[in-house]
Amino acid sequence: MAILPLSLSHSLTSALSATSSGIGRPVARLLHPRVPSRPTVICLAAPPKVPVPIASPASLGDDPSKWDPAECDALLRGGEQVASVLQEMLKLMEDMEMDGSFESLAVELIAQGVIGKRVDEMESGFLMALDYMIQLAEKDSDNERKSLLEVVKQTVLDHLTKKCPPHVQVVGLLCQTEKKDSRHELLRRVAAGGGVFKNDKGLKCQIPGANLNDIANQADDLLESMESRPTIPDRKLLARLVIVREEARNMMGGGLLDERNDRGFTTLPEAEVNFLSKLVALKPGKALERMIKDVMQGKAEGADNIENANAGPDSKLDHLTGISGRGSVTGLKPRPVRPGMFLETVSKVLGGIYANNTSGITAQHLEWVHQTTLKILQEMAF
């Protein structure tokens, strides 16, 4: 039997022991507040990957007494499956001969084989448990264990992506494409039916065919899911999804009044309207651009309301926050300004102006706000 390289064996064993030691603990000791994250894969010699936009489970919160027992149970069952996967990987690696230069490749190949057999049987808490263990590795400053667990997570996401419909796969590909021209070329090829193409490195890749409207709607659904949370764990991914949605809609060629972009958005959101009313009262320029940038980055009106994250959407306002200092129309506490919802609001207002043939200085101002916001999100995304 071959001897497993020491560093790799230690990583697997420590990850496994960290998992196994937590399975039998009481829930209050096992679970710590988990901040949802989408860590980038860092695999020894492998280049970093950008995770496919599959939403992570929501945080369990800071107060153990308020944790959902169903989520706690799912996390425990997911942890048992993670332990089983690591055990099988360790057993396979012990039977392999390899030197240090092929360790990273061996980890990826074995993870592909082990997870490929189990992906259809995985518990809903599998990714939640992986996120929890990755955070434990970060706290312990164990980079090798963290790298190993991230390889397992990325492999799971890759398998799940392959099982997704074509338009979901395309959203993932677009989120990993940095250059604007490359994204537009990808969208054109997808709309034309897909196929096998050569990338910039000369390698062949399979691109699925999909409907541009389905792609835009999928990105919009993911945005709605992320922006409805009290906190946004990954603003870079959020910015990428906004860019994907807007570029897919623009390529459809229908413009602001295109009925395909009407997703049942009939009432303008209060927080975004309040912020937009401030912007249109100021002259376009650096100061206004700085205001938009701060909000898009989660500051000022866009800051996550962490202290009231568990208060619920029906919490009453403590002070007047309506337009021009007036009270809130609904009497409810508005959410923070979110990038996707803000751009949607600007588009709806612009569409109303153009539909009534009342374009003028206000329309030009809103066009500037729209383009400036897209530029800021492009800088944040890539």
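Between which two helices does the loop with Ala300 lie? The legends below take up this loop and other parts of a predicted model.

**Figure 1. The loop that holds Ala300.** Ala300 sits in the loop between α12 (286-296) and α13. Its phi is positive, at about 50°, although Ala300 is not a glycine. The relative accessibility of Ala300 is 57%. Exposed means over 50%, so Ala300 counts as exposed.

**Figure 2. The loop that holds Ser141.** Look between α5 (126-139) and α6 (143-162) to find the loop with Ser141. Ser141 is not a glycine, yet its phi is positive, at about 55°. Is Ser141 buried or exposed? Ser141 has 60% relative accessibility, so it counts as exposed.

**Figure 3. Helix α10 beside helix α13.** Two packed helices are described by the angle between their axes and the distance between the axes. Helix α10 covers residues 235-252, and helix α13 covers residues 339-355. Their axes come within 9 Å and cross at roughly 30°. Angles under 35 degrees count as roughly parallel, so α10 is roughly parallel to α13.

**Figure 4. The residues where α10 meets α13.** Which residues of α10 take part? They are Arg235, Leu238, Val242, Arg245, Glu246 and Arg249. On the α13 side, they meet Pro339, Gly340, Leu343 and Glu344. By class, this contact has 4 nonpolar, 1 polar and 5 charged residues.

**Figure 5. The protein chain as a whole.** The chain has 382 residues, and 46% of them count as buried. Its secondary structure comes to 14 helices and 4 strands. The chain exposes about 19400 Å². Carbon and sulfur atoms supply 53% of that area.

Figure 6. The mean pLDDT of the protein chain is 75. Of its residues, 68% reach 70 or more. Over residues 20-58, pLDDT stays under 50. The model has 103 contacts beyond four places in sequence for residues 20-58. Residues 312-328 also have a pLDDT below 50. Where pLDDT is low, the predicted coordinates should not be read in detail.

Technical notes: Residues numbered from 1 in each chain as written. Predicted model: local features only at pLDDT ≥ 70, side-chain atom pairs only at ≥ 80, totals over all residues. Heavy atoms only, no water. Axes fitted to C-alpha atoms, helices over the stretch in contact; angles between N-to-C directions. Parallel < 35°, antiparallel > 145°, perpendicular 65-115°, else oblique. Contact = heavy atoms within 4.5 Å. Nonpolar A, V, L, I, M, F, W, Y, C, P; charged D, E, K, R; others polar. Buried < 20%, exposed > 50% of the residue type's maximum accessible area, 1.4 Å probe, protein only. Areas by Shrake-Rupley, 256 points an atom, 1.4 Å probe, with all protein chains shown as cover. pLDDT = per-residue confidence, 0-100.
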